[in-house]
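Biologist: Let us go through this model together. I will ask, and you answer from the coordinates.

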Amino acid sequence: MWRNTLAGWSFILPNFAGFALLTLVPVVVLFYLAFTNWNVFGVAEWTGTANFRRMWGDASFWTALRNTVYYTVFHIPLTMAASLGLALLLNRKLRGVRFFRTVAFLPYITSIVAIAVVWNQLFSPEYGPVNAFLGAVGIGHPPGWTTSADWSMPAVIIVGTWRYMGYYMLLFLAGLQTIPTQLYEAAQLDGATPWQRFVNVTIPGLRHTTFFVTVMLTIESFKVFDLILVMTDGGPGQSTLVLSQYIYQKGFEENQFGYASAVSIVLFAICFGITVIQFMVNKRRNS
Amino acid sequence: MKRAIPAVIGAATALTLVLAGCGGEDEPADPNAPVTITLAGWSLSSTPEFKTLADGFMATHPNVTVELKEYDAANYDTQMTADLAAGTAPDVYVLKNLKNFYTYQSGGQLLDVSDTAKDLGSVPALAPYQVDGKAYAVPYRQDSWVLFYNKELFGKAKVAPPDGSWTWDDYTAAAKQLTTGLRAAGSKATGAYQHIFQSTVQGFALAQTPNADLLSGDFGYLRPYYERSLELQAVGAQPTFGTAKTNKLTYQAQFGKQQAAMMPMGTWYVAALLNQRKSGDADRFEWGIAPAPQFDTSTTGTAATPVTFGDPTGMGINPRIGKSKVAAAKAFLGYVAGQDAGKALAGIGITPAQVTDAVTAALFGLDGVPQDDLSKFAYATHTIKPENPVSKHTAGVQNVLDETHSVILSNSKGVEAALNEAQNRAKNEVIKQ
């Protein structure tokens, strides 16, 4: 009995030790730091709920939260539609389909800095091909994209969607291949149109995949950081400032690690809360 | 089993105490004993100043070895903060940005080096590193912002070059004339290039405007400086902020490849331009340095002292340094802020903390540096005000102003509205905290 237990522990210990050291301990420390005033050096001074009360009156925090929700609300449906569309397109037996699947996946594994540099040049208001194209099709005043406070977030959402659609396309492709072909054949025999087959066979058949994709996209959208940091650095002004960048700014640029930890907890609570709701809704649907 | 846990904790604590005791290095220091001190630097292959300082010091202190430890230039302060907090930082480290000095000093991460500072005598750039009468670092570099100009493009545009008497209105008028003249001559170069840094507008406004105070949260002093910059963009006398940002324009290429006739920039650019001319990354052309344009005529002309800005770059000592190394580290600090190191730095195109006649002669003795009197005057004569006054609020206020800079120059918001918003945010989100 003891031998078995020891053997079991010896197998999970390396992984658990790594998890405890690199994830669990920092997370516990983060929760503690959120209630302190700490500038990384010296002792953290306990301030109770002061950081959370400060957040309430901090206009920049609310701007960052609004922008994060803005990004999430548009990024999730756009990425789902684009990735599902790509998956449907590339789920056929076409010549060179593997090549096109690889091409669609490439943005996901490309360096984020390279993506930002290239897309910034594409979006350049005066010399970029995007505005040149818009001008050619008769749009007189094309947007300033990343240099305009009104258009910077749509620009980031477009690039975010383009970057992630290949990855979620792969998940949808895997999901599509689990749907029995007999269902489509039966529907076709019953006279179902392609749209009816999509709505009544494909969508229900992808329910588990769609749920997984929605959860992952929600968490990923709320935590968006690198793309915005290298593409717009939160600007112009605060037009693309999101919560994770605000945490970075307060922590690593202004050395307010206590306050940054408190904002991190709010971000964690939002992600956790929405994920729990998604699981509850999914459970109810399943039952 | 329950008894074993306290025993293990006890043993671990005892071991920790023993190990901590081992690292104390309490033995008395022998001044001639061989000693190695570590020094933090960044991008060592392309930033020769650290090796120059280390070699210069070791030549006169044969018992001391200065070992360089490389950091990433862009993330220097983040990495240094992490290393200091973890207790793995080098013995001597560079204070790359003055705005982070407060964090290091108030966090107890700098040794008191008042005795070394006292031996240096009068060094103007020392003041920012002094707190309650004690010095916590010494400056070894003190760049200042000047106006670089391309003599050949001025000639091509048939515009009179700067003579040291320019206010910002004169500069704006010249930039427009240059652009028109260059276009007429078939050149695509613009009259001016102000890089996307907030410093190119805000640094001058803060330094030159009477009674301007970054930490007051009153930013009205920025208005005329932004209005002039917007005017230059609007008439095409300099690339727009959007173009510079989206196309990742570099100031080195804009001036070095003759895309702009004038460029306000720090004196560190002298060394960069010389190196780029050697490597072929910059064209060979006649260039000069003029004093930065002034707020009004009271500080213009070579009989007056122009006002500009620039933060010193300093060095301090990690308090965790072994006691036997402190004397060597302080001697090194005394060397880097002194005249011998100044001449050595000027010899590689870098502006040291103390600009003396010998330093000016060393810099202007370099191949490719202009020889005219105005350039020498601009390099050696000025009042330098700090861009980042030392305070716990500086980093926060500068972040607010950086966002304001992008929102104004991208024409996303009017100057008045953007400055009002910046004032409210600085007061409520930073200064009151």
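Biologist: Is A:Leu88 buried or exposed, or partly exposed, and at what relative accessible area?

Modeller: This is a predicted model; local features need pLDDT of at least 70, side-chain atom pairs count only at pLDDT 80 or more, and totals for chains, interfaces and linings use all residues. Residues are numbered from 1 along each chain as its sequence is written, chains are lettered from A and ligands numbered from 1 in the order in which they are written, and side-chain values use heavy atoms, with hydrogens and water left out. Buried means under 20% relative accessible area, exposed over 50%, and partly exposed in between, with a 1.4 Å probe and protein chains only. A:Leu88 therefore counts as partly exposed, at 29%.

Biologist: Which helix holds A:Leu88, and which residues is it in contact with beyond four places in sequence?

Modeller: Helices are DSSP runs of H or I, at least four residues, and strands are runs of E, at least two, numbered from the N terminus. A:Leu88 is in helix H3, residues 59-89 of chain A. Contact means heavy atoms within 4.5 Å. With neighbours within four places in sequence left aside, the partners of A:Leu88 are A:Leu176, A:Phe198 and A:Thr202.

Biologist: How far apart in space are A:Leu88 and A:Met169?

Modeller: In sequence, 81 residues separate A:Leu88 and A:Met169. Taken C-alpha to C-alpha, their distance in space is 8.7 Å.

Biologist: Is A:Thr209 buried or exposed?

Modeller: A:Thr209 sits in helix H10 of chain A, residues 207-222. Leaving aside neighbours within four places in sequence, A:Thr209 is in contact with A:Leu171, A:Phe172 and A:Gly175. Its relative accessibility is 15%, so A:Thr209 counts as buried.

Biologist: Is A:Phe272 buried or exposed?

Modeller: A:Phe272 belongs to helix H13 of chain A, residues 257-286. A:Phe272 and A:Leu229 are 43 residues apart in sequence and 24 Å apart in space, C-alpha to C-alpha. With a relative accessible area of 51%, A:Phe272 is exposed.

Biologist: Which residues does the cis peptide bond in chain A join?

Modeller: Look in the loop between helix H11 (226-231) and helix H12 (243-253) of chain A, where A:Pro236 lies. Omega is about 0° there, and the bond joins A:Gly235 and A:Pro236.

Biologist: What is phi at B:Ser43?

Modeller: B:Ser43 lies in the loop between strand S1 (35-42) and helix H2 (49-60) of chain B. At 22% relative accessibility, B:Ser43 is partly exposed. Its phi is positive, in a residue other than glycine, and is near 40°.

Biologist: And what is phi at B:Lys248?

Modeller: B:Lys248 is in the loop between helix H10 (241-246) and helix H11 (251-256) of chain B. B:Lys248 is partly exposed, at 44% relative accessibility. Not a glycine, B:Lys248 still has a positive phi, of about 50°.

Biologist: Which residues have the most contacts inside the largest nonpolar core?

Modeller: A nonpolar core is a set of buried Ala, Val, Leu, Ile, Met, Phe, Trp, Tyr and Cys residues joined through side-chain atoms within 4.5 Å. The largest one has 75 residues. Those with the most contacts inside it are B:Phe148, B:Phe219, B:Met262 and B:Trp287.

Biologist: Which residues does the second core include?

Modeller: This core is separate and has 55 residues. Among its residues are A:Phe41, B:Tyr136, B:Ala329 and B:Phe332.

Biologist: How many helices and strands does chain B have, and what is its radius of gyration?

Modeller: Chain B has 18 helices and 13 strands. The radius of gyration is taken over C-alpha atoms, and the globule rule is 2.2 Å times the number of residues to the power 0.38. For 433 residues the rule gives 22 Å; the value for chain B is close to it, so the chain is as compact as a globular protein of that length, at 24 Å.

Biologist: What percentage of the residues in chain A are buried?

Modeller: Chain A comes to 13 helices and 2 strands. Its C-alpha trace spans about 75 × 70 × 35 Å along the principal axes. Of its 287 residues, the buried part is 43%.
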